[in-house]
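Trainee: Could you take me closely through the surroundings of one ligand in this model, the second one as written, and say what lines it and which atoms meet it?

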Amino acid sequence: MSTKSRERLNAPILVTGGAGFIGSNFVLEWLGAGNGPVVNLDKLTYAGNPENLASVQESPEYTFVHGDICDAALVKQIIEQHRPRAVVHFAAESHVDRSILGPEAFLRTNIDGTFTLLQAARAFYGTLEGEEKERFRFLHVSTDEVYGTLEPEDPAFHEETPYAPNSPYAASKASSDHLVRAWVHTYGLPAIITNCSNNYGPYQFPEKLIPLMIANAGKGKPLPVYGDGQQVRDWLYVADHCRALMAVLERGRVGETYNVGGGNQRSNLEVVTTLCALLDELAPESPVKPHSQLITYVADRPGHDRRYAIDARKLEGELKWSAQESFETGLRKTVEWYLANAAWVESVTSGAYQNWVKQNYGSRESVAGEGSR
Ligand code: NAD
Ligand code: TYD
């Protein structure tokens, strides 16, 4: 084999949004497994934190590029320079409450940004030949929220469930999924879409339910439960999601969609009370105990989806993936990680985070008795 072809077979993957929650878990797992080099393109918004990747920063296998996926010239230059064997596209604005208060950034990054990446990937793919062309993939990481909301007795979302996005976030992700689908069908780009349920685990920004509740509980602050707390989400430990993405990248069929989920449906109130019990055990020095005293019902999120649930049988059957963590083991690991990484929480919740808390929760007066309805 010539040096050139050997180099090409050791080509990196291009990860977008690798400094965020799922992206950084993925990069750490990928490099830890010795899967080859990674180039990480990240804008470092409030949600991106290079410290998540401090342990690999000096690795010759890791390259960080600070930039925006909407910057077509930059994306083209990175792809031409690094000749990735795959693009794994995580970069997004990802928080529903932020999308309600300011949808513009969601349309820009999630739709325009995906379009920019697709165009660059398509141009690059057109220049490939032989084995390099055969194995090139564009993996688009998406969400179950594109399917809308379920009634209590409805079957879980499967890959053929019609799209019915309800929030600006979900609509922007649904749009990006449609773009990816069109680039497969019209231009033959070898892309695959995954739609995953709610993730939790290390490095999740404390604006999302689980890390927000852990962070607040540690400070004796109220635990704000929206509405009646009976909304249901299907929780998946982030490392299980990362393993699913690796299986899809390696063995997934081009042009297909795979739903990813762990079969852990829980109401928000169940999640928060389980967290409180874990914190009672693992953080006995907390200022307010039992932690459940801190649960506070607040005004609901507008347009709040009632229930999500994922049918992951296609992924399990075809690609032999299964979740390794149960909700109980995953949640315990998560609480332990946050307690052991208080400095990380402190550093990401200083500054602009405080403005977000005021903006999102300032207008949500506590609603007495909401939970007993
Ligand atoms: P996150 O908000 O934690 O991280 C997003 C990352 O993207 C950050 O590092 C941010 O700096 C970066 N980014 C944002 N805009 C960018 C831009 N214009 N250019 C370059 N980088 C940019 O998100 P997450 O929770 O890790 O989610 C990652 C992906 O997975 C998203 O596409 C999301 O829709 C999807 N997803 C998330 C969940 C979940 O529960 N968190 C579930 C299913 C799917
Ligand atoms: P979130 O973590 O924002 O994820 P998503 O909206 O993408 O599902 O919220 C998970 C659930 O928790 C959702 O039903 C909204 C609810 N929630 C609260 O009750 N209180 C909060 O402070 C937050 C952030 C979320």
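Mentor: By class, the shell around ligand 2 is made up of 8 nonpolar, 5 polar and 5 charged residues, where Ala, Val, Leu, Ile, Met, Phe, Trp, Tyr, Cys and Pro count as nonpolar, Asp, Glu, Lys and Arg as charged, and the others, Gly among them, as polar. This is a predicted model, in which local features need pLDDT of at least 70 and side-chain atom pairs count only at pLDDT 80 or more, while totals for chains, interfaces and linings use all residues. Residues are numbered from 1 along each chain as its sequence is written, chains are lettered from A and ligands numbered from 1 in the order in which they are written, and side-chain values use heavy atoms, with hydrogens and water left out.

Of the 18 residues around ligand 2, those that come nearest are E145, P224, R301, H304 and Y361; a residue is near a molecule if one of its heavy atoms lies within 4 Å of it. In terms of secondary structure, helix 8 (209-218) and strand 8 (223-226) each supply at least two residues of this shell, and strand 8 gives the most, with 3 residues. Helices (H or I, at least four residues) and strands (E, at least two) are DSSP runs, numbered from the N terminus.

P224, one of the nearest residues, places a backbone N or O atom 2.7 Å from a nitrogen atom of ligand 2, which is a polar contact in the sense of a pair of N or O atoms within 3.5 Å. R301, also among the nearest, has an N or O atom of its side chain 2.5 Å from an oxygen atom of ligand 2, and the side chain of N268 likewise brings an N or O atom to 2.9 Å from an oxygen atom of the ligand.

For comparison, one may turn to ligand 1, where the shell holds 28 residues, with I22, D42, S94, Y169 and K173 coming nearest. That shell divides into 12 nonpolar, 12 polar and 4 charged residues, and its largest share, 3 residues, comes from strand 5. An N or O atom in the side chain of S94 is 2.7 Å from an oxygen atom of ligand 1, and the protein covers 97% of the 840 Å² of accessible area that ligand 1 has on its own.

Technical notes: Polar contact = N/O pair within 3.5 Å; in protein donor to acceptor, adjacent residues only side chain to side chain. Areas by Shrake-Rupley, 256 points an atom, 1.4 Å probe, with all protein chains shown as cover.
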